[in-house]
Structures are given as C-alpha cells and as structure tokens.
Amino acid sequence: MAGKLNLTTSMIYRSKAPLRIGLAGGGTDVSPYSDLFGGAILNATISLYARASIEPLQNGQVVFECADRREAATYDAVYPLPLDGKLDILKGVINRVQKDYGSLPATGFKLTTFVDAPAGSGLGTSSTLVVAVLGAFAEWLKLPLGEYDLAHLAYSIEREDLNQAGGKQDQYAATFGGVNFMEFYKGDKVIVNPLRIKEVNLHELENNLVLFYTSTSRLSSTIISEQQKNVTDKKDDSIEAMHQLKEQAVMMKEALLRGTIDKIGEILNYGFENKKKMAHGITNPQLDEIYEAARKAGASGGKISGAGGGGFMIFYCPKNTRFAVVDALNGFGGDVKRYTFTNHGIQTWSI
C-alpha cells in the first residue's frame, strides 16, 4: 500500500511596505526643529518595497537572511539579542517586540528580508524595513497595532533603542501609504493628512517625475546630526532655510490639489536651494553637475532625495522633456528607475 504524502508545512508570515519619494519639506520632521517650530512634509509612496517573511522554527535559533545584501547570521533564541553591529536594525525590532509583548517563542524563527533599493539611497529604506519587519511580527503574533501605533513604534526603535539620527516621515509614509501631507509637533505628535488628488494629476506627476539613482550612497545620520546641531546652536541661516522648506510643503500641497502640476518643478527647485543651507554635505560637485545637466536638458527643477549627499535624485520634466533629461542622466552612469505611485501602506498576510 502506497504511503501517504505528508503535505504539512509551517505557516509563513509576510509583509511589504512601500518606499517613499519626499516631495517637499524634507528635514522639518527632525527634532529639535519639529519640537520648536512644528514641521510639515509632503511625500508619496512608490512601487518599490521593503519585504519581510517570518518562518517559525523548532531548533531554538533565530536565523537572519538579508537576501538583497547577501548577509546572514544565526543566534540562539535567547532575548534580548546582542547588538553587536551586525544586523542591529533587525535585532532592535525583535528585542523591542519581546520587551513590549513578551511573546517570542524560545523555539526560534527565521527572518528573511529584501529591500528594492540600496541602504543610504534616500528613499527611507531603513525605516521602511523596520515597519515591514514589525508588520510581519504583528501578523504572526497578532499584535494590537493600529497605523499610528505601528509607525510610532518603528520610530521609537530607531531613534531611542538604536540611537540612530533621523526624522519621522519615513515610518509614517511606509505605514499609511499614498500621497500625504504630514505635520510634526513636539511630544512626538504626528498628523497624517491623506490628499485626494485627481487621478489625471497623479498620472501627469508620475509621467513627468524622473527618479534617478546616482549609484552612490551616503550615511544620512552625519548630515542629520549637523542639521540638528544647527538648530540647537540657533544658526539663523539654517533655521530660516527650514522655515522655507516647511512653506514649500504647503506650496506643493496646493499645486497638487489645484492641479497646477507644472509648477512642481519650480517648487522643487525652490526647496533644493533652501535645503543646501541646512547643513554641509547635502550636495557635492558631482550631484551639482547632474542637477545642472538635467536642468539644461529640460527639467524645471529637482532635488536630492532624503537627507542628501548621494542616493536618488528626482527631476520634474514638463511637457515631453523627460526623454531628453533621461538621455542626459544616462551619461552619468547611474540608473533611471521606473515606478508607479501606490495607494497602500504596509500590507501583511500569512500562507
């Protein structure tokens, strides 16, 4: 008599959270500026993701596999896991989940992650990965986390537990998704305002906004730390630049809602000129050369994504200038990345 097939498999718990393009107000979500003056940012999530999968094990080990970075590590399932400089961002999530909810099994699990853009590229990769990993644990352990709870917990892990410099927008963008006008106040108060933009205007923005990877990365924490110090030291030029960037976010919101899409290049350029005054290292001769080449080819404005210093740049190309701009950018050896805007934030499921 033929033996029966054993089709029993363990569950896999998955999540994906979208990366974001910052369109206006970048840097005003960083304390102490947001605590003292209030910050405002406008961003949009795109079809590039951070992904996480959890597979329960029975061998008493915690296994990490970062597939995009080809990094792996194994530890005994004894919590808290050591923060030893190797995959600390993932271990920080695990340690906080265990501390707050005490529900991680001693039997162990495997955590597999993949991010569609390199670390340090300016699309919020690290924070989005934290959100994705938290989402996978919430799916597995049925954690009672709403959207604001999840975003704030991700922020707290990065900024407080791991002491990493940065702002608040990335965690909220990854969690909520879509095009959002975000406000930041003291006491970690955040208000996410989803924008109802006409579909035709989103299509036009998507068509005209070129996303270019410069094939460089940077350590954003260095730039952000200087930006924070400039506020603490009351450097007027830097603080005034941040005021102007906050106003830029309002200008960008109005352009999107009113459908005056071709004003966006001018608004981006206005922000870029002010952002350079916030801290050293936001731009450099190579990035300036790329920016000027794009402008000469027809872009009406652009910016460096994230804190600056490298990574992705975006350019607004009105009418049909995107083709000439892409040709000019290709001469710098980077990569023009295709994308679409997304309506969803983090999504989780199990199989």
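**Close-up views of a predicted model**

**View 1. N284 caps the N-terminal end of helix α10.** A side-chain oxygen of N284 lies 3.1 Å from the backbone nitrogen of Q286. This model is predicted. Helix α10 runs over residues 285-297, which makes 13 residues. From its first C-alpha to its last, α10 reaches 18 Å. That is close to the 18 Å expected at 1.5 Å a residue. After α10 comes G298. The phi of G298 is positive, near 130 degrees.

**View 2. Helix α10 has a buried side and an exposed side.** Which residues of α10 are buried? They are L287, I290, Y291 and A294. Seen down the axis of α10, the buried residues fall within an arc of 100 degrees, so they line one face of the helix. P285, E292 and K296 sit on the other side of α10, and these three are exposed.

**View 3. Strands β9 and β10 pair in the antiparallel sense.** Strand β9 covers residues 301-304, and strand β10 covers residues 312-316. The pairing runs over 4 bridges. Now follow the directions along β9. G301 and K303 point one way, while G302 and I304 point the other way. In a regular strand, side chains alternate between the two faces of the sheet. All four of these β9 residues are buried.

**View 4. R20 is a buried residue in strand β1.** Strand β1 spans residues 13-24. Is R20 buried or exposed? R20 has a relative accessible area of 4%; buried means under 20%, so R20 counts as buried. What does the side chain of R20 meet there? A polar atom of this side chain lies 3.0 Å from the backbone oxygen of G122. The side chain of R20 also makes a polar contact with the side chain of D170, at 2.7 Å. Leaving out residues up to four places away in sequence, R20 touches several others, among them N43, T45, L123, Q169, A173 and S305.

**View 5. Helix α6 buries one face.** Helix α6 covers residues 199-208. Its buried residues are N201, L202, L205 and N208. Seen down the axis of α6, they fall within an arc of 140 degrees, so they line one face of the helix. Turned away from that buried side is a face with the exposed residues E199 and V200.

Conventions
Residues are numbered from 1 along each chain as its sequence is written. This is a predicted model: local features need pLDDT of at least 70, side-chain atom pairs count only at pLDDT 80 or more; totals for chains, interfaces and linings use all residues. Side-chain values use heavy atoms; hydrogens and water are left out. Buried means under 20% relative accessible area, exposed over 50%, partly exposed in between (1.4 Å probe, protein chains only). Helices (H or I, at least four residues) and strands (E, at least two) are DSSP runs, numbered from the N terminus. Two strands pair if DSSP finds at least two bridges between them. The expected span of a helix is 1.5 Å times one less than its number of residues. The arc is that of the directions from the helix axis to the C-beta atoms. A polar contact is a pair of N or O atoms within 3.5 Å; within protein, one must be able to donate a hydrogen and the other to accept it, and residues adjacent in sequence count only if both atoms are side-chain atoms. Contact means heavy atoms within 4.5 Å.
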